[in-house]
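Here's a quick walk through one model, written for someone who likes to check the numbers. Have the viewer open as you read.

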Amino acid sequence: MAEVRISTSGMTFADLVAIARHNATVTISADSLTAMQSSRDHVEELAASDTPVYGISTGFGALANRHVSQELRTQLQRSLIRSHAAGVGNPVEREVVRALMALRLKTLASGKTGVRPVIAQTMAALLNAGITPLVREFGSLGCSGDLAPLAHCALVLMGEGEAVDRNGIQRPVLELLAEANISPVQLAEKEGLALINGTDGMLGMLILAIEDLTMLVNSADVVAAMSVEGLLGTDRVFIPELHQPLRAHPGQAESAARMLETLKGSGIVASHLHDDDRVQDAYSLRCAPQVAGAVRDTVAYAATVAHRELAAIIDNPVVLDDGRISSNGNFHGAPVAYVLDFLAIAVADLGSISERRTDRALDKNRSAGLPPFLAHDPGVDSGLMIAQYTQAALVSENKRLATPASVDSIPSSAMQEDHVSMGWSAARKLRTAIENLTRIIAIELVTAARAIELRAPLTPSPISSKVIAGLREYVSGPGPDRYLSPELEAATEFVATGRVMSAIQ
């Protein structure tokens, strides 16, 4: 099992994915432990003074004007976590919870939050034991951090709340902690606030989305090229001279190159190379690199924002290098929320152009000689007719999910928190949109593979042949109508697990 070492320098995308998805173990470096103790010393000095300091000796949000005496401060922190763990709805996916815990641990380990080392060590122990707090889907406004989701995690550190074991079975929290030899923590000044004041949930989902989309857009290029092949399209519009020199969008050039490589050596493409009747292909074929390339460039921009946020120290108040503790607004999720919404728009459009290629392959008037709906015996068989309906339904939902969440704001905390980012909501809908896109690409793949096989005895390109051979291990080829849903689910798994690309690598 991989190991990720968390230090004051933070972590990488790969570290985060390894912890969230692949159960990498976590260790905390000696320099982080030293930095945490140093900042903790500053907090304890201020806690002992008579000067009110937000998060240490005052209430929170609109209640910040209440000075809290020393004997009530442990209760203050405990009450903060209990009251803020107010999420409702279905449990959030395990990988998302592990991602937000890992990111909060990264910030704690920076030595800028003023928590004791034991807080970070206990969170690392939870991750290593495979104990996952049960976080509810609704509750975060994406400002003051992902408060409710992080509070559900902090509650488990205290030995309270709900959690599941590494097998996904919900069990009493104290039982899980005892089994892993983890002692519940009693929070001291500032620690409750430090555990919940971050953009960790939305950032974790952004990084996971970037990981997924990087793979999906590569697969989409290959599948789009297969559609071009099955529809007797030309590969000449993908030559490099038409892209980087004329229109310097790097994503477009990359997608065009992958499509051209996919079609290399195709007997199907060669069969109509000099057909004067086919002057230009439809936009969904000819402009595929322009659309997929724009998606690539959007993902690249989102990655730039995510890298900046990953390097950030998000807490309020924060312990500065000179020991001052200063309030700030860095917990506001706007930078992350915007790109989450931007990605949802790109995802919707990539799915939209994919569906247009599928529909073209099923329409006997536009498919260059293929049977209606790619049916075995049209009229008796319906072929892939309803698969396109399913694809259209997914495309329609993704268009609705492309409506930005970040343009909305509902004031909270008695107007103290009067502008919020809705970044968590943007991240949740993006995850759904990516799941839908995976299914959309899978249905295009099933369609393109059948169209290519129906062109026999013309031969497909070597790359198309490899992808089809891989798909045929799970999904049967052309033939009489059969129960289609399991095949589409199998094709979705084929795409989701990166097997389109692994088949040709």
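This is a predicted model: local features need pLDDT of at least 70, side-chain atom pairs count only at pLDDT 80 or more; totals for chains, interfaces and linings use all residues.

Residues are numbered from 1 along each chain as its sequence is written, and side-chain values use heavy atoms, with hydrogens and water left out.

**The sheet**

Start with the open sheet, where three strands run in the order E4-E6-E7 with antiparallel pairing. Strand E4 (132-133) and strand E7 (170-171) sit at the edges with a single partner strand each, so one side of each has no neighbour in the sheet. E4 and strand E6 (residues 163-164) are joined in the antiparallel sense over two bridges. Thr 132, for instance, has Val 164 in E6 as its bridge partner. On the bookkeeping side, two strands pair if DSSP finds at least two bridges between them. Helices (H or I, at least four residues) and strands (E, at least two) are DSSP runs, numbered from the N terminus.

**The cores**

The largest nonpolar core has 134 residues, and Leu 105, Leu 195, Leu 206 and Leu 445 have the most contacts inside it. Helix H16 (residues 423-453) supplies the largest share of this core, 17 residues. Apart from it lies another core of twelve residues, among them Ala 225, Met 259, Ala 288 and Ala 361. A core here is a set of buried Ala, Val, Leu, Ile, Met, Phe, Trp, Tyr and Cys residues joined through side-chain atoms within 4.5 Å.

Most residues other than glycine have a negative phi, and most peptide bonds are trans.

| Residue | Phi | Relative accessibility |
|---|---|---|
| Asn 23 | about 55° | 26%, partly exposed |
| Asn 181 | about 60° | 72%, exposed |

Buried means under 20% relative accessible area, exposed over 50%, and partly exposed in between (1.4 Å probe, protein chains only). Asn 23 is in the loop between helix H1 (13-22) and strand E2 (25-28), and Asn 181 is in the loop between helix H7 (173-179) and helix H8 (191-196).

Finally, a cis peptide bond joins Ala 456 and Pro 457, with omega about 15°. Pro 457 lies in the loop between H16 and helix H17 (462-471).
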